[in-house]
Amino acid sequence: MRIIHTENYEQLSRQAANIISAQIISKPNCVLGLATGSTPIGTYKELISRFENKDIDFSEVTTVNLDEYCGLTPDNDQSYRYFMNTNLFNHVNVDMAKTNVPSGIADDPQAECERYDNLIESLGGIDLQLLGIGHNGHIGFNEPDDKFTKETHIVKLGDSTIEANSRFFDSYDDVPKSAITMGIKAIMNAKKVLLVASGKDKQEILKKSLFGPITPNVPASILQLHPDLTVVECE
Ligand code: GLP
C-alpha cells in the first residue's frame, strides 16, 4: 500500500489526477472505475483541465461507475449519472456510449445487477478503480454488514449514509433509501485501486480501514488485501 499525504485538497486533487492521467496515457483504451461524492470533484476538474491542455485523451476510455441511487432517473440532478455527466463526461471527449453507471430504475433490479457484473467482466475488468470512503467505511455503497457482498447488489442505505448524503438533498426524507452498488469482487479485481480521502473527519475511518482488522463492518478494510492500492489523503 502506498499512502500519499498531501497538504491540502488542491494537492490531493492534482496527485489523484496524475495517477489517473498516467493510466490513460499508458493505456489509452483503459477501463476506469469512477466514483461520486464530493471528494473526487477536484480530481475531475484537474482531469478536465488536462484534457483541455491536450495532455490526455478520453476517446478510447471506457468508464464504469460504482453505484447509483434506486428510483432516480438519469436526468434527476441528484442521480449519480447526472453527477458524472456534469462533473466530467460533458467536459471531455469520452464516448458517452462507453460510459456506464448502473441503472437505479430498472424494472428488474436483480437482472440489472447481473447485467452490470457481466458488463465489467466482458470489458476484461477494471484497470484503475477510483474510490472515496464514507464515514462508516463504505466504498461505493458497500455498507457495513456481517459479510462482504461480492456481486453488484441492491443495498439498503444506513442511517449515517443517508444523514451524510442528505446535504445534497432538500431534506433527509428526500434521500433515496436504497442504492445499487458494484460489489467487493469487481473492486478487488481492479488492477489498481486509488482511494481519495479529504478532511479531518475522514482520518479516523481511514486509519481503521487501512490498519485495523479486516472486517465487513468496515468495508474499506478489505482494501488492505489489494496488491496495488494507492491512498491519497489530506486533513
Ligand atoms: C457516497 C458514495 C461513495 C462516496 C461517499 C463519500 O455515499 N456512494 O462512493 O465515497 O459518498 O462521499 P464524500 O466524498 O462526499 O465524502
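A residue is counted as buried when its relative accessible area is under 20%. In this predicted model, Thr-152 has a relative accessibility of 3% and is therefore buried. Thr-152 sits in the loop that runs between β6 and β7, and its side chain makes a polar contact of 2.7 Å with that of Asp-117. Glu-151 belongs to the loop between β6 (128–131) and β7 (153–156), but is partly exposed, at 38%. On the surface, Glu-151 gathers with Asp-107, Asp-108 and Glu-114 in a patch of negative charge.

Helix α4 (residues 109–122) contains Leu-119, which is buried at 18% relative accessibility.

Turning to charge pairs, the structure holds five salt bridges. One of them joins Lys-27 and Asp-127, with 3.0 Å between the closest N and O atoms. This pair links distant parts of the chain, 100 residues apart: Lys-27 lies in the loop between α1 (9–26) and β2 (31–34), and Asp-127 in the loop between α4 and β6. Lys-27 is partly exposed at 31%, whereas Asp-127 is buried at 6%. Together with Lys-191, these two residues are linked in a network of salt bridges.

Within helix α2 (residues 41–52), Glu-46 and Arg-50 are four residues apart and so are separated by about one helical turn; their side chains meet in a salt bridge of 3.2 Å, N to O. Arg-50 is buried, at 14%. A further salt bridge pairs Lys-147 with Asp-145 at 3.3 Å between the closest N and O atoms, and here Asp-145 is partly exposed, at 29%.

Terms used
Residues numbered from 1 in each chain as written. Predicted model: local features only at pLDDT ≥ 70, side-chain atom pairs only at ≥ 80, totals over all residues. Heavy atoms only, no water. Patch = residues over 30% accessible without salt bridge, like charges linked within 9 Å, V, L, I, M, F, W, Y side chains within 5 Å. Areas by Shrake-Rupley, 256 points an atom, 1.4 Å probe, with all protein chains shown as cover. Salt bridge = Lys/Arg side-chain N within 4 Å of Asp/Glu carboxyl O. Lys, Arg positive; Asp, Glu negative; His and termini not counted. Charge placed at Lys NZ, Arg CZ, Asp CG, Glu CD. Helix = DSSP H or I, 4+ residues; strand = E, 2+ residues; numbered from the N terminus. Buried < 20%, exposed > 50% of the residue type's maximum accessible area, 1.4 Å probe, protein only. Polar contact = N/O pair within 3.5 Å; in protein donor to acceptor, adjacent residues only side chain to side chain.
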